[in-house]
Amino acid sequence: MKEIESIGDVELLVDTFYQKLVKDDLVSHFFAELNLKEHLPRVVQFWSFILLDEAGYSANMMEKHARLDLNEESFDRWLKLFHETVDQFFVGEKADLAKQRSTLIAWTMKTKFIK
Ligand code: HEM
């Protein structure tokens, strides 16, 4: 168990998380049409910005979720898998921040996008 300290750590987190997402019975269909080779580096940039203060992510990621047909169960599963992956490899302040921030963003998305 280690702290999240480098972009390599974020890549491990994101890659392992997406391996779970694309196999999950409830949420895999959201990712079926995505080009992961293009998508994953953007997600790594996003988390590197939040966790490591690495510049580079500038898109409006919130809006990318507006057209998806998201529901409460999907958010709960997404979050469960994300937190589980953080805990699988990492401990410490940045690991806590990743879980805290994902919970907050998911909650914000829920209130914005679920009718
Ligand atoms: C039910 C929950 C979620 C599902 C099913 C989901 C699904 C997706 C999909 C399909 C995309 C690609 C959109 C596109 O390129 O058109 C995407 C992008 C993204 N999502 Fe999510 N998402 C969820 C929640 C979250 C949460 C809570 C966060 C952040 C904590 C997040 C972070 C991102 C980021 C950073 C991108 C990349 C945006 C970009 O291309 O710049 N997602 N998501």
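Predicted model: local features only at pLDDT ≥ 70, side-chain atom pairs only at ≥ 80, totals over all residues.
The place of D76 is in helix α4, and its C-alpha atom is separated by 8.6 Å from that of A106, a residue 30 places away along the chain.

Residues are numbered from 1 along each chain as its sequence is written. The mean pLDDT of the protein is 96, and 100% of its residues reach 70 or more, pLDDT being the predictor's confidence in each residue, from 0 to 100. Among the elements, confidence is lowest in α5, at a mean of 96, and highest in α1, at 98.

The protein has 5 helices and 0 strands, and from the N terminus on its elements run α-α-α-α-α; helices (H or I, at least four residues) and strands (E, at least two) are DSSP runs, numbered from the N terminus. The radius of gyration is 14 Å, close to the 13 Å that the globule rule gives for 115 residues, so the protein is as compact as a globular protein of that length. Here the radius is taken over C-alpha atoms, and the rule is 2.2 Å times the number of residues to the power 0.38. Taken along the principal axes, the C-alpha atoms fill a box of roughly 40 × 25 × 25 Å. Of the 115 residues, 16% count as buried. Among contacts between residues at least 6 apart in sequence, 76% join residues at least 24 apart, where two residues are in contact if their C-beta atoms, placed from the backbone, lie within 7 Å.

The interior comes next. In soluble globular proteins, nonpolar side chains tend to be buried together. In this model the largest nonpolar core has 15 residues, and those with the most contacts inside it are I4, V10, L13, V14, W47, V86 and A98; such a core is a set of buried Ala, Val, Leu, Ile, Met, Phe, Trp, Tyr and Cys residues joined through C-beta atoms within 7 Å. Helices α1 (7–21), α3, α4 and α5 each supply at least two residues of this core. Leaving aside residues up to four places away in sequence, W47 touches V10, L13, V14 and A98.

L40 lies in helix α3 and, with 16 C-beta neighbours inside 10 Å, counts as partly exposed. Not counting residues up to four places away in sequence, L40 touches V14, D15 and Y18, and the C-alpha atoms of L40 and D15, 25 residues apart along the chain, are separated by 7.5 Å. D15 itself is in helix α1 and is partly exposed, with 14 other C-beta atoms within 10 Å.

Around the ligand there are 21 residues, the closest being F46, A59, S74, W78 and I105; a residue is near a molecule if its C-beta atom, placed from the backbone, lies within 6 Å of it. The elements that give two or more residues to this shell are α2 (28–31), α3 (36–52), α4 (72–89) and α5 (93–113). The shell divides into 15 nonpolar, 4 polar and 2 charged residues, with Ala, Val, Leu, Ile, Met, Phe, Trp, Tyr, Cys and Pro counted as nonpolar, Asp, Glu, Lys and Arg as charged, and the others, Gly among them, as polar.

Two loop residues complete the tour. D53 is in the loop between α3 and α4, where its phi is near 60°, a positive value in a residue other than glycine, and with 7 C-beta neighbours inside 10 Å D53 counts as exposed. V91 is found in the loop between α4 and α5 and is partly exposed, with 13 other C-beta atoms within 10 Å. Not counting residues up to four places away in sequence, V91 touches M1 and E3, whereas V91 and V22, 69 residues apart in sequence, are 25 Å apart in space, C-alpha to C-alpha.

Note on methods:
Buried ≥ 20, exposed ≤ 12 C-beta atoms within 10 Å, placed from the backbone.
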